[in-house]
Amino acid sequence: MIARTAQEKSGPDGDANAARRLSVRAPAKINLFLHIGDRGSDGYHALESLVVFAETSDRLEFTHASDLTLKTTGPFGKALSRDKDNLVLKTARLLKAKYPLEGLGAHVALEKNLPLASGLGGGSADAAAVLRALNRFWRLDLPEEELLDIAAEIGSDVPACFLSSPCWMEGRGTRVTKLATMPPFELVLVNPGVAVPTGPVFDALNARSGVGAIAPPPALASVWDLVAYLADAGNDLEAPASRLAPVIEDVLAALGHEPACVLAQMSGSGATCFGLFDGAVYAAGAAERIAQEHPHWWVKSTRIAPPGIGAPHWST
């Protein structure tokens, strides 16, 4: 239980930070594979997934305020709701309700760079970033285990996004285990501009790999190690999502036809797909050509993120 006020918690360092900003990145989540099991009594399907995070990210900035407010910018900022259903404000209010210190407030500026309902966990990544940032901004000093429990209350992808590092996902997605750090493999992310809500994709699911078919990976030293590991894995949601949004097949074909693309697959429930590339030059060239041929698609050349990408930091 936290008994002190926010001002008492802050101390001299908190006073010094009063005019400063706390910045945090919310990196895109990539499901390198996603296997779906049976639906449980709670209404959720069991799943297993190897999750990594990309350098491409949303960005959030926190400044001191007497209340909780939100401003959205970025290419997808206008499409994002800023009402009570917004996950950024919902997460901040949940944390404030659990630890009702006096004087807890913040103005949050969200630069929304990730497309919505895209299979990249953008909303979950933003919520997780709020937990990481406000724990430091408000000097709550909550341990990781407690924050992961709060993350699980918010949504299935939020615990993995809270870690923002390679992890093994189980259960309904809320049981996560950190894995060995991976080399920064090259990625191209492509979203065709079609939102694919998760619910209808699961409703259209008629074939599943089940859980337990593949074990967590050993340390992977190269992109070829990763491709070999993923040889017997896939995304069970790719087929139903493609039936709902056939353009997904066009995206996969565009990636698969590029030189040095060693794997093309959909992430999450779609519609974003990723291509793994054997070399940064090939990835950059692929992104440039696909963007030219499909100017209405969202295309990013990026890499699997290094450790610590989601760590909050102070700035002036």
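Helices (H or I, at least four residues) and strands (E, at least two) are DSSP runs, numbered from the N terminus. The model they are taken from is predicted: local features need pLDDT of at least 70, side-chain atom pairs count only at pLDDT 80 or more, and totals for chains, interfaces and linings use all residues. Residues are numbered from 1 along each chain as its sequence is written, and side-chain values use heavy atoms, with hydrogens and water left out.

Helix H2 has 12 residues and spans 16 Å from first to last C-alpha, close to the expected 16 Å at 1.5 Å a residue; the expected span is 1.5 Å times one less than the number of residues. Its buried residues (under 20% relative accessible area, 1.4 Å probe, protein chains only) are Val-88, Leu-89, Thr-91, Ala-92 and Leu-95. Seen down the axis of H2, these fall within an arc of 165 degrees, so they line one face of the helix; the arc is that of the directions from the helix axis to the C-beta atoms. Among the elements covering the buried residues of H2 are strand S2, strand S3 (68–73) and helix H3, where contact means heavy atoms within 4.5 Å.

Strand S2 also holds Thr-56. Thr-56 counts as buried because its relative accessibility is 13%. Leaving aside neighbours within four places in sequence, Thr-56 is in contact with Pro-27, Ala-28, Leu-114, Trp-298, Lys-300 and Thr-302.

Pro-192 is 105 residues from Trp-297 in sequence, yet their C-alpha atoms are 4.5 Å apart. Leaving aside neighbours within four places in sequence, the contacts of Trp-297 include Pro-192, Val-247 and Ile-290. Ile-290 is itself one of the buried residues of H10. The cover over the buried residues of H10 includes strand S7 (186–191), helix H9 (247–256), strand S9 (273–277) and S10.

The largest pocket contains about 970 Å³ of space. On a 1 Å grid over the protein atoms alone, a pocket is an open set of points where a 1.4 Å probe fits, with protein on both sides within 12 Å along at least five of seven lines; lining residues have an atom within 4 Å of a point. There are 44 lining residues, with Gly-121, Ser-124, Asp-157, Thr-198 and Ser-269 nearest the centre. H2 and S2 are among the elements that each supply at least two residues of this lining.

Notes:
Points joined across faces, edges and corners; volume = space filled by probe spheres on them. Buried < 20%, exposed > 50% of the residue type's maximum accessible area, 1.4 Å probe, protein only.
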